[in-house]
Amino acid sequence: MAAPSVSTIANAKPVVAGGVLRGPLQTPLPTDASTSFDADMKRLGHVSEDGLAPEGERSTNAVRDWGGDVIAQLQTEHSSRFTFTLYGVFDTDVLKAAFGDDNVDTVGGKSTVIEDGAELPHGAWAFDMRGDGGKKTRICIPDGQPSNVTEASMVAGELQSLTLTIEAFKDEDGVKVYRYYDDGSAASVPLLTSHTPSSLATAGGDLITLTGAHFTGTTAVAFGGTAAGDFTVINDTTLVAVSPAKTAGSVNVVVTNATGASATHAVTYA
C-alpha cells in the first residue's frame, strides 16, 4: 500500500498564475497531470485560500423484498460539481467565465459587463495543482457550465471576488470528469510541443521559449547538435534558451534531463 499523502494534500497549491483554467467547449484537454494545456485554455488567476471544493453527490434508492431485505440499490442521481473563488475580477477572462463571453466587452483595459439572465455557456474547465515532492493533481472537465455565480460584498479593505460553481456534464464518451494523479516517483524525459518565435536568426543569440513537459532538472539543450548559448527552466512546462548560430533551414532541438533526451523538435533558422 502506498504511503499516506496527508502532507501532500495539506500543501497542495495551484500552479503559478492560477490553478483554474477555462476554454471554449471542445478544446482538447491533457490526458495526464503534466502535459501543457492548449493555448485556448486561459488561466483565471488567483484562487482564494479556500481552494477547490468538490461538491458532487450520488443518490440511490434501496429496493426491498417482501421480507424487508435490501436486494438492490438503484442509482437515482449523480452529479459532479466544483466550487472556487476567483480574485481577478478585473481580468477579462474571469469576467467572461462569470457573466458569459458575449456579455463582456473589453477595450484598452476597460470592461463593460451586462447581465441579461441568459444561461452561462458550456466550456472546457481544468484545475491544476502541485504538491510536495513533485506530486501533481489535475482535474479536467470537457463540458462544464457555471451553475451558480456569487459576488462577495464590496467592502472597503476587502478584495472583490467571484465564487463560481461548475457543473460537469458527460462528454461524447459518457465521462463527466477526468482526474489525473502523479506521485512524482516516475521520472520522465522532456517533451517538446511548441516554441516561439516561429523562426531564429542564423547569427544566433535569440531567446526561444520552448513549451512542453518534464523540463524540471534539464541538463542540456541542443540545436542540431550544438549546445544552446544558455538556458533557463521557468517551470516544468516552460524553458527559455539562447539559440546558437546555425545555417538557414530546419534544425532539430533536443532537451535532455537525468532520465534521457526528448524526441526531436524542429525549429527554423532564417
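**Ground rules.** I'm working with a predicted model, where local features need pLDDT of at least 70, side-chain atom pairs count only at pLDDT 80 or more, and totals for chains, interfaces and linings use all residues. Residues are numbered from 1 along each chain as its sequence is written, and side-chain values use heavy atoms, leaving out hydrogens and water.

**Cores.** I looked up nonpolar cores, meaning sets of buried Ala, Val, Leu, Ile, Met, Phe, Trp, Tyr and Cys residues joined through side-chain atoms within 4.5 Å. Buried is under 20% relative accessible area, exposed over 50%, partly exposed in between (1.4 Å probe, protein chains only). The largest core has 22 residues, and Phe-84, Trp-125, Phe-127, Ile-141 and Leu-164 have the most contacts inside it. Helix H2 (92–99) is one of the elements that supply at least two residues, and H2 gives the most, with five. Helices (H or I, at least four residues) and strands (E, at least two) are DSSP runs, numbered from the N terminus.

**Rings.** I checked Phe-82 and Phe-127 next: both are buried. They form a tilted aromatic pair, 5.5 Å centre to centre with 40° between the planes. Rings of Phe, Tyr and Trp (its six-membered ring) pair if their centres lie within 6.5 Å; planes under 30 degrees apart are stacked, over 60 edge-to-face, the rest tilted. Phe-82 is in strand E7 and Phe-127 in strand E10, so the pair ties together parts 45 residues apart in sequence.

**Sheet.** I found five strands in an open, mixed sheet, ordered E15-E22-E21-E17-E18. Two strands pair if DSSP finds at least two bridges between them; E21 and E22 run antiparallel, joined by five bridges.
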